[in-house]
Amino acid sequence: MRVVVDQDLCGTTGQCVLTLPGTFRQREPDGVAEVCAATVPQALLAAVRLAASQCPVAAIRVISDAGDDERASADAAPSPAEPERHAAKDQRNPEGHDGTV
Ligand code: SF4
């Protein structure tokens, strides 16, 4: 499966890294989350779903090998800081990187 972090949404809380440190990491210097590998073993599906469900901004998408796309349905209501984060996205992610390496 593929796991993708929406780097424009990521709030840099580090929760995904705490939940699954072998799969997620935070890049320097801004703390935006990245996925450590292009593909994630299917055996980690439950753990990845857990990490995705704990993301406060639902920035983690799980894409199955069949192409099904799921995003945690955590409360994804925009926070008051949302416009500021989007305004800053060009500085943090000028090339629109999808979070995989
Ligand atoms: S849990 Fe969500 S907001 Fe926090 S670092 Fe991971 S992707 Fe970003």
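A residue counts as buried here if 20 or more other C-beta atoms lie within 10 Å of its own. Keep that in mind as you explore this predicted model.

**Stop one: helix α2.** Select residues 45-54, which form helix α2. Highlight Val48, Ala51 and Ala52, the buried residues in this helix. Now look along the helix: these three span an arc of only 100° around the axis, so they sit on the same side of α2. Next, show what lies over them: the cover includes β1, α1 (15-19), β2 (24-26) and β4.

**Stop two: strand β1.** Move to residues 2-5, strand β1. Colour Val3 and Val5 to see the covered face, then Arg2 and Val4 for the uncovered one.

**Stop three: the core.** In soluble globular proteins, nonpolar side chains tend to be buried together. Here the largest nonpolar core has 18 residues. Select Cys10, Cys16, Ala51, Cys55, Ala59 and Ile60, the ones with the most contacts inside this core. β1, β3 (33-35) and α2 each supply at least two of the core's residues, and α2 gives the most, with three. Then centre on alanine 59: leaving aside neighbours within four places in sequence, alanine 59 is in contact with Val5, Asp6, Leu9 and Cys10.

**Last stop: the ligand.** Which residues are closest to the ligand? Select Cys10, Thr13, Gln15, Cys16 and Cys55, the closest of the 14 residues that surround the ligand. Colour the whole shell by type and you will find nine nonpolar residues, five polar and no charged.

Conventions. Residues are numbered from 1 along each chain as its sequence is written. This is a predicted model: local features need pLDDT of at least 70, side-chain atom pairs count only at pLDDT 80 or more; totals for chains, interfaces and linings use all residues. A residue is near a molecule or strand if its C-beta atom, placed from the backbone, lies within 6 Å of it. Ala, Val, Leu, Ile, Met, Phe, Trp, Tyr, Cys and Pro count as nonpolar, Asp, Glu, Lys and Arg as charged, and the others, Gly among them, as polar. A residue is buried if 20 or more other C-beta atoms lie within 10 Å of its own, exposed if 12 or fewer, and partly exposed in between; C-beta atoms are placed from the backbone. Helices (H or I, at least four residues) and strands (E, at least two) are DSSP runs, numbered from the N terminus. The arc is that of the directions from the helix axis to the C-beta atoms. Two residues are in contact if their C-beta atoms, placed from the backbone, lie within 7 Å. A nonpolar core is a set of buried Ala, Val, Leu, Ile, Met, Phe, Trp, Tyr and Cys residues joined through C-beta atoms within 7 Å.
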